[in-house]
Amino acid sequence: MSSKLHCVKLNDGHFIPALGFGTYKPKEVPKSKSLEAAHLAIDVGYRHIDTASAYQVEEEIGQAIQSKIKAGVVKREDMFITTKLWCSCFRTEMVRPALEKSLKNLQLDYVDLFLIHYPVPIKSSVDESPLDEKGKFLLDTVDFCDTWEMLEKCKDAGLVKSIGVSNFNHKQLERLLNKPGLKYKPVCNQVECHLYLNQSKLLDYCKSKDIVLVAYGALGTQRYKEWVDQNSPVLLDDPILCDVAKKNKRSPALIALRYLFQRGVVPLAQSFKENEMRENLQVFEFQLSPEDMKTLDGLNKNF
């Protein structure tokens, strides 16, 4: 693991870099931007890259990693790569082939972390996400506990180092943790988490079970029109956050990331701009006072 970034120990003994680079992109952004961003991210110092088959950028991420390895910028063992199992591949016979497809796209022999993307099985079809006549997902009847057993087998086969979940609430985590014959606990739960949705209850639960909470949307999400009310307040423009930023002589984005880091959360920061990527890595260079942390706790709106 790269010494440049701080790391957090997972419950299986592996280490995850304490800041990750997110690779989700909206459909209108060309894939070439993802390739360019991944190149830049590795160049400026990110060693933890989070992707998923559903993002449809695994090939670009793989190309960037391979080119940086060939150029001698990084070694494979310096990198921590996460990908995710999409919901239409929960049937037990589909899990390993889905992972193998991701590995092929990423041009890797293994990933460091493999997650169940959502606790919601969707019927499989040629189209990754089949919809009914009302535009709703067609749900399947697979139990994610059975899917989990296949992730355990992928870990035993050496295709993944660590396994975890994403978008699970505490009841769903509990179901998995209480599963008879559980071989490996999830090492993490990746969920939306930021100052307006600080997930304090879920974070406490995860900590009590030695599960790391990984945060996407750490800067308040990218406010995609299909999901987010465009009239809702913009997190990084929050006046209280901006006051704390001014006081600490840092940007609001850095304060938002540092807040998560100090609570033991591993944030994923996403940007297509080199200056922002570099700035986000400064999260380890300063500390927020207990008063600042308390002020920032007060921004939570469960939004």
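These legends describe close-up views of a predicted model. Residue numbers start from 1 along each chain as its sequence is written, and side-chain values use heavy atoms, with hydrogens and water left out. Because the model is predicted, local features need pLDDT of at least 70 and side-chain atom pairs count only at pLDDT 80 or more, while totals for chains, interfaces and linings use all residues.

**View 1. Helix H1 crosses helix H2.**
Two packed helices are described by the angle between their axes and the distance between the axes. The axes of H1 (residues 31-44) and H2 (residues 58-70) come within 8 Å and cross at roughly 35°. Axes are lines fitted to C-alpha atoms, for helices over the stretch in contact, and angles run from 0 to 180 degrees between N-to-C directions. Helices (H or I, at least four residues) and strands (E, at least two) are DSSP runs, numbered from the N terminus. The crossing is right-handed, meaning that the near helix is turned clockwise from the far one by less than a right angle.

**View 2. Trp86 and Tyr118 form an aromatic pair.**
Rings of Phe, Tyr and Trp (its six-membered ring) pair if their centres lie within 6.5 Å; planes under 30 degrees apart count as stacked, over 60 as edge-to-face and the rest as tilted. The count by this rule is 5 aromatic pairs. In the pair of Trp86 and Tyr118 the ring centres are 6.0 Å apart and the planes stand at 90°, so the pair is edge-to-face. Trp86 lies in the loop between strand S5 (80-85) and helix H3 (92-106), and Tyr118, 32 residues apart from it, in the loop between strand S6 (111-116) and helix H4 (144-156). Trp86 is buried at 10% relative accessibility, whereas Tyr118 is partly exposed at 33%. Buried means under 20% relative accessible area, exposed over 50%, and partly exposed in between (1.4 Å probe, protein chains only).

**View 3. Leu268 is buried in strand S10.**
Leu268 has 7% relative accessibility and belongs to S10 (residues 266-269). Not counting residues up to four places away in sequence, Leu268 touches residues including Gly20, Phe21, His48, Asp50, Gln190, Val214 and Tyr216. Its C-alpha atom is separated by 14 Å from that of Lys25, 243 residues apart along the chain.

**View 4. Asn280 is buried in helix H9.**
The relative accessible area of Asn280 is 3%, and its helix spans residues 274-280. With residues up to four places away in sequence not counted, Asn280 touches Leu19, Tyr46, Ala253, Leu254, Leu257 and Ala269.

**View 5. Asn167 and Asp210 have positive phi values.**
Most residues other than glycine have a negative phi. Phi is near 65° for Asn167 and near 60° for Asp210. Asn167 is in the loop between strand S7 (160-166) and helix H5 (170-177) and is buried at 17% relative accessibility. Asp210 is in the loop between helix H6 (200-208) and strand S9 (212-216) and is partly exposed at 45%.

Terms used: Contact means heavy atoms within 4.5 Å.
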